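Hi everyone, thanks for making time this morning. Please have a look at the model on the screen, and I'll walk you through the parts I'd like us to talk about.

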Amino acid sequence: MCIMHMYVRTIRLSYKYVTNRIIKHTSNSKCSNIYNINTLNLFNLLPNSRQKIITNNMGSVEIPTKVLSNTSSQLKMPVIGMGSAPDFTCKKDTKEAIIEAIKQGYRHFDTAAAYGSEQALGEALKEAIQLGLVTREELFVTSKLWVTENHPHLVLPALQKSLKTLQLDYLDLYLIHWPLSSQPGKFSFPIDVADLLPFDVKGVWQSMEESLKLGLTKAIGVSNFSVKKLQNLLAVATILPAVNQVEMNLAWQQKKLREFCNANGIVLTAFSPLRKGASRGSNEVMENDMLKEIADAHGKSVAQISLRWLYEQGITFVPKSYDKQRMNQNLHIFDWTLTKEDLQKIDQINQNRLIPGPTKPSLNDLWDDEI
């Protein structure tokens, strides 16, 4: 054995020992900072063909990816991403939180023109790349087309504007934010129903397909589409949507939509996976006593139980947390499973939608009465 092979073998064995010790300790203790080891630098010495996420002093987590089967390149998306929808109760700077997320290992970042977070995300990603924390090729960035630009002739300009704000040459995924169109240039939230216009799904989707052909995005998809609205889109699409991002959590499981998307190769991404994002009384997931019992039995948090359930259903998800510990906790859901009894109990949770829609008043036919 040559000296170089001996060196690599020694490093490999050391890495395996160190990370196994860290994982073993952190899975049995509430203390996650006992080992003051920079495992990131150690891991970077090793040959690597699999995506691993090393979190300093907090152990090693391998984040699975989901193949977007409706893309020609079979693009892979990390199953967990970081959301950046507006949250006025959060005081932490968005840019600072994104840099922290990158350090912890997040590679999938979800934004939208309407969120007001594209600039901060772009600045954070640029800084992270300059610091050598990550490369552009390792990132997966999603943004969305707002309803005021949801017109055939405005899709490309809107995407180009998002790219400029994000300081990126391309997106990994571009979504139609809602199956609605409104008066161009008149932004308001909630949307006044008087400003709504007919949604030209065929024309808009043709422009989305054009953005893909131009290389402005690697994949295209939709958000907040019901089964009926997906059927209308599939009837006119040349390129099928890769993703449908919707509200999904243990109190809004959307079985019918899951079955339809699975049958048509459409990957589902859950926003509000922890039932957060709107203030309407108690949180029917995070404050659920039965879920607390399941969490205690596994030595996990309710948030981890919730995200694990989504993962076991084949769903990707974009929770939003700017808290360092909770960001890390959300990553630790891939090395254990829910029991059959857990799943049976979860199936019994009362189901109701949290987000009624973006308009005021709400539209009766937005969701097509689907559960």
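Let's start at M82. Setting aside neighbours within four places in sequence, M82 is in contact with A97, I98, A101, Y106, H108, F109, D110, V318, P319, S321, Y322 and M327, where contact means heavy atoms within 4.5 Å. Do keep in mind that this is a predicted model: local features need pLDDT of at least 70, side-chain atom pairs count only at pLDDT 80 or more, and totals for chains, interfaces and linings use all residues. Residues are numbered from 1 along each chain as its sequence is written, and side-chain values use heavy atoms, with hydrogens and water left out.

So which residues touch the most other members of the largest nonpolar core? They are M82, F109, L291 and I346, in a core of 73 residues. A nonpolar core here is a set of buried Ala, Val, Leu, Ile, Met, Phe, Trp, Tyr and Cys residues joined through side-chain atoms within 4.5 Å. Buried means under 20% relative accessible area, exposed means over 50%, and partly exposed is in between, with a 1.4 Å probe and protein chains only. Helix α10 gives the most to this core, with six residues. There is also a second, separate core of ten residues, and L68, L75, L175 and V267 are included in that one. As background, nonpolar side chains in soluble globular proteins tend to be buried together.

Now the sheet. Helices (H or I, at least four residues) and strands (E, at least two) are DSSP runs, numbered from the N terminus, and two strands pair if DSSP finds at least two bridges between them. What is the strand order in the open sheet of eight strands? It reads β5-β6-β7-β8-β12-β13-β14-β15, with parallel pairing. The edges are β5 (82-83) and β15 (316-317), each of which pairs on one side only.

Let me stay with β12 for a moment. Strand β8, residues 173-176, pairs with β12 in the parallel sense over three bridges. Across that pairing, Y174 stands opposite I220 and L175 stands opposite G221. Towards β13, two bridges join the parallel strands, and V222 stands opposite N244. Both faces of β12 are covered: I220 and V222 are buried on one side, and G221 and S223 are buried on the other. Helix α6 (residues 201-213) lies across β7, β8 and β12, and runs at about 140° to β12. For that angle, axes are lines fitted to C-alpha atoms, for helices over the stretch in contact, and angles run from 0 to 180 degrees between N-to-C directions.

N224 has a positive phi of about 65° although it is not a glycine, and it is buried, at 2% relative accessible area. Q254 has a positive phi too, about 50°, and is not a glycine either. Q254 sits in the loop between β13 (243-247) and α8 (255-263), and is buried at 8%. In general, most residues other than glycine have a negative phi, and most peptide bonds are trans.

The peptide bond from F189 to P190 is cis, with omega near 0°, and P190 is in the loop between β9 and β10. The bond from K360 to P361 is cis as well, with omega near -5°.

How many aromatic pairs does a search of the whole structure find? Four, where rings of Phe, Tyr and Trp (its six-membered ring) pair if their centres lie within 6.5 Å; planes under 30 degrees apart count as stacked, over 60 as edge-to-face and the rest as tilted. W146 and F189 have ring centres 6.2 Å apart and planes at 50°, so the pair is tilted. These two are 43 residues apart in the chain. W146 is buried at 4%, whereas F189 is exposed at 56%. Ring pairs link W146, F187 and F189 into a cluster.

Thanks, and I'm happy to take questions.
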